[in-house]
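Take a moment to look over the fold below. We will walk through it step by step, beginning with a helix and a sheet.

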Amino acid sequence: MVDRRQRGGPRRQLTPEEALQKQLDVAYNVASFMPGTGEIISAKEAREFYNEGRYGMMALAGLGAVPFAGAAIRPIVKGIGKTLGAVTKPLMKLRDPELRGNVLAGQSNYIDNYYAPSADVTPTALEKKVAEKYLKVKGRDTKPSMVDRTAQAGRGMLKWAADAPANVLDAALNPVSRALFKETGINRRSQQKIRKLLMEGSKDPKQLSRLLDKATAQGIYMMHTGQQAGRLGKLSPELEELASYSYLGDAYVPATKENFLKGIKQTETLRDGKKLYVPPKDLETAYSFFEKNFNLRDGAKLVIKQPTGKSGNHLGDLVTKNPTNAAGRKAADKMKKEGMKRTPNNWREALIEQSDDGKNFSVLRQDKDGGVWVRSGTAAKPFVGTAVVEGGVAGYSKMYPNGNTISFMYDQHDFLEKIPAVGDILSEVLPKDVVAVAGPIHHNIFSNKWGKNLKYRKSSTTETPTIKKDPSRMNQEELQGLLTDITTVRPSGTGVAKEAAKVGAGFLTGAGAIEGTRRLMSDDE
């Protein structure tokens, strides 16, 4: 009987250098899966992949650096790394500018329970244990409420990040997906997400409105990501129509002062049928705050968002959710209780009293006409509205003593860059900035149920204003039809054939590879 340990001949003795290297490799692999060190190693590997031009692996390794959820992604990265690297290496010399952003455009733009807690989500005992361990490693508070909140966020992030390997493989290796994005700017996996949301809405009409919000947001995210990555090429007519629905005027124009001023003048507000006038000096000030709010890189692109609709209810957010409104009402209420008249000077001082580093409100300056410019939304505590696209925004408003307010909303599309540990890496793969502006929005902070105890002089200047309707805007049924059309767009046969040739015979031959390709090209999730 042959000793299995002797089968294949005697094993070669490792040199001291080889033995040391093996020990270091084992230690490195162990550290790769540990909280803290695993995130650091994944971020390092992601940067190395970026420098090598292997953007698919960069995306996977970057997501492996995501705190809390990255531990579940790192084994997948190591498991498929060699295969993906071998297949995509020949493609490195054939980088197409039309494909920039494709490996990231398939991610969902929404992370469940990540930015706000949910009463409907109860963490499991295991999730709590992992969350507590994570918080201890990070040296953070481990009180029960924080553990529950972290566990909720971790579950949402894990679900979001776990989708990445399939998205990257599909974008990098599927000829259909490559051709689709190249020809139309549509990412196939995002296309599937939109289709799924529409199907859910058809089954549950009560949820249709919010699901259309999410489907529209996914389409916007897909377009934004292509722009951020510097994709060259046309958009499909369906995406062009979605951009027309979501934005005023031309989309993705250079973020210059000229385009900013031209863009915001397209938002028209009426009071008693007459267009409200915004002094040029106020528009200039709005641009000055816009310019100072961001550290935009060369080539930044600008979109002017429609104030209402499924692309984001910015009118409602600025009128009802903006922290500025509550701060102004508190200031007026305090003045009322103290018997103070609402003079311009008293108004400014009362607003300053409401301003605090720990609050989401700050006073910037007062103009000669008595209006006080204020800001809501800070890095520590962003102004979060109802839009589905994740992240906070900056709100700038000019507030008058009688409650009349002119507001603007500024939002940089940096959803992926805000994810902890991977932002710096992804910002290099997404070298272009995309910023959105909504406004000017006219409203009065006292003319609602929250300000009913605050008297103000009712006149033509304080009647409720309305946004001028855009006759070209779709109704819900028409938008649903457009989103459905986006899900049915297919690439040309010629385009697929060209991409199949680029992917290479090594991936397209053999029974296993053919079956893998068939699955990638399937419309099933």
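Helix α12 lies across β1 and β4 (301-305), and runs at about 110° to β1. Keep in mind that this is a predicted model.

Now look at the sheet itself. The sheet is open and has 7 strands, in the order β1-β4-β9-β8-β7-β6-β5, with mixed pairing. Its edge strands are β1 (247-254) and β5 (362-366), and each pairs on one side only. From one strand to the next, the twist averages 20°.

Zoom in on one pair. Strands β6 (residues 372-376) and β7 (residues 394-399) run antiparallel, and 5 bridges join them. Here V374 stands opposite S397 in β7. Helix α16 (residues 323-337) packs on the sheet and touches β6, β7 and β9 (434-444). The direction of α16 makes about 130° with that of β6.

Return to α12. Two packed helices are described by the angle between their axes and the distance between the axes. The axes of α12 (residues 237-246) and α19 (residues 476-487) cross at roughly 145° and come within 9 Å. The crossing is left-handed. On the α12 side, the contact is made by E238, L239, E241, L242 and Y245. On the α19 side, L479, L482, L483, D485 and I486 take part. Of these contact residues, 7 are nonpolar, 3 are charged and none is polar.

Last, visit a loop. N174 sits between α8 (164-173) and α9 (175-184). Is N174 buried or exposed? It counts as buried, because its relative accessibility is 0%. What does its side chain contact? The N174 side chain makes a polar contact with the side chain of D170, at 2.8 Å. The N174 side chain also reaches the backbone nitrogen of V176, at 3.0 Å.

Notes. Residues numbered from 1 in each chain as written. Predicted model: local features only at pLDDT ≥ 70, side-chain atom pairs only at ≥ 80, totals over all residues. Heavy atoms only, no water. Axes fitted to C-alpha atoms, helices over the stretch in contact; angles between N-to-C directions. Helix = DSSP H or I, 4+ residues; strand = E, 2+ residues; numbered from the N terminus. Left-handed = near helix turned anticlockwise from the far one by under 90°. Contact = heavy atoms within 4.5 Å. Nonpolar A, V, L, I, M, F, W, Y, C, P; charged D, E, K, R; others polar. Buried < 20%, exposed > 50% of the residue type's maximum accessible area, 1.4 Å probe, protein only. Polar contact = N/O pair within 3.5 Å; in protein donor to acceptor, adjacent residues only side chain to side chain. Pairing = 2+ DSSP bridges.
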